[in-house]
Amino acid sequence: MVWLLRARRHPLPGSRLTGSNIVKRVNVFAAATGIGSWPGSSPREAAEIVIGELHTLPHLVELPARGVGADMIGRAGALLVDIGIDTVPRGYRIANGRSAVVRRAASLLDEDIDALEEAWEKAGLRGGTRTVKVQAPGPITLAAQLELPGGHRAITDPGAVRDLAGSLAEGVAAHRARLQRRLDTPVVVQFDEPSLPAALEGRLTGVTSLTPVHPVDEPVAIGLLDDCVARVGAEVALHSCAAGLPWKALQRSGIHAVSVDVSTLTAADLDGVGDFVDSGRTVMLGVVPTTAPTVRPSAEEVAKAAVAVTDRLGFARSVLPERIGITPACGLAGATPQWARTAIELAQKAADAFAEDPEAI
C-alpha cells in the first residue's frame, strides 16, 4: 500500500484512543460483514452462505444478476413510500402508481427475506443476539440515479430530493422493523452512497451540456442523511466505494459507522478516518479483494492490511475489536460464487483475530 508511506505521522505514535480516553463500548459495526451485493440468482443459497460464514454481522444480500428491480436502485422501488419508479433506457425514473417494476422489486425483496428467515430458523438463531444488516441506497445517491419524469436527475430538484429522502427513510424504517420482527433479532442499516462525493463536487453529468448538475451543498446532504438516521430507528452505517469522502462533514453527522474501500484512501483521508474513530464511532475497512486475486491472501494478510491503517494512525491495538470492521472492498456481485464465500470467510477470520489477540497481528 504505497499511500501509507505518504501518510503524515502523528507526533506521538500510539497516542490515539489509548486506555485513558476511550469508552470501552464495542460498536455493532466493529465486525466482519459483506457490503451487500452477491453473485448469482439464488437467495436461499446466498442466505445460507452468509449466515454460515458471518457469525457477528450477516447481511440481507442483493442479487443484481436477477435483473430489473434487483439492483441497488431497483430495490429502492420496493422500499419507497408513496413514490413509484419505472425503467427508462438510462436506468430508473420516478413514476406514478405501482408499476410492474415496483411489483417485481417487492416480490424479489420478499424472496430474499423469506430465504434469510428460512436459513435463520435452520441455524437456530431466532431470539439470539446476532445482529443483521440491511442495505439501501442513501438519499443523495438515490436522487442522483433516479430520473424525474422530464428526464433530468432528481437531484436537480430540491423538492424532489426532500420528498425522496423522506419516502426512503420511512420505507427503510418499515423494512428494518419488519425484518427484525421476522428474525426476532436486532437489525441495523447501511446506506450506500457511491454518488455522494461526485454530488458534492459537482461532477454529476446532466442530460446535455446545457443542463449541468450543480453541486449539492454539504450541509444539505448531511441534513438529509441525518434525517434518515433519525427515522430508521437503529444504528446506521454509510458505505461508499468511491474516493473523496467528505470526512469533516461525516464527523458532524449522526452516522454511526463509515465503510470504505481502503484502496481509495489517500494520505489526506487518513486524518478524517482517525478523527472519526476518535469520536467513538467505527470505520469498516474494505481490505478483501472483490474478485479472486491471482494468489489468495491468508486471513493473517487481510488482518495485517487493516492493522497497517490503524498502526499508521497511531491507534492502540485495543481499538481493533472495538472500532474497526472488516469487509470486502466493495460489493461482490462481480465475483465468482466461490470467491464471494472466500471473501467473507477471510473477513470473518480477520475480525476474529482482532477479538482474540490484536497484539499478535
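A term before the first residue: buried means under 20% relative accessible area, exposed over 50%, and partly exposed in between, with a 1.4 Å probe and protein chains only. This is a predicted model, in which local features need pLDDT of at least 70 and side-chain atom pairs count only at pLDDT 80 or more, while totals for chains, interfaces and linings use all residues. Residues are numbered from 1 along each chain as its sequence is written, and side-chain values use heavy atoms, with hydrogens and water left out.

Helices (H or I, at least four residues) and strands (E, at least two) are DSSP runs, numbered from the N terminus. Two strands pair if DSSP finds at least two bridges between them.

Now the loop residues. Asp82 sits in the loop between H3 and E1. Its phi is near 65°, a positive value in a residue other than glycine. Is Asp82 buried or exposed? Asp82 is exposed, at a relative accessible area of 80%.

Asp184 belongs to the loop between helix H6 (158–183) and strand E5 (187–192). Phi of Asp184 is also positive, near 55°, and again the residue is not glycine. With 42% relative accessibility, Asp184 is partly exposed.

On to the sheets. One is open, has 3 strands in the order E1-E2-E4, and its pairing is mixed. At its edges are strand E1 (84–88) and strand E4 (146–147), each pairing on one side only. E1 and strand E2 (residues 91–95) run antiparallel and are joined by 5 bridges. Within that pair, Gly84 has Ala95 of E2 as its bridge partner.

Axes are lines fitted to C-alpha atoms, for helices over the stretch in contact, and angles run from 0 to 180 degrees between N-to-C directions. Helix H3 (residues 72–79) touches E1, E2 and E4, and its direction makes about 150° with that of E1. Helix H4 (residues 100–122) touches E1 and E2, at about 105° to E1.

The other sheet is open too, with 6 strands in the order E3-E5-E6-E7-E8-E9 and parallel pairing. Which strands stand at its edges? They are strand E3 (132–137) and strand E9 (324–328); each has a single partner strand, so one side of each lacks a neighbour in the sheet. On average, neighbouring strands are turned by 25° against each other, direction ignored.

Inside this sheet, strand E7 (residues 257–261) pairs with strand E8 (residues 282–288) over 5 bridges, in the parallel sense. Ser259 is opposite Met284 in E8. Finally, helix H13 (residues 337–356) lies across E8 and E9 and runs at about 165° to E9.

Definitions and conventions:
Contact = heavy atoms within 4.5 Å.
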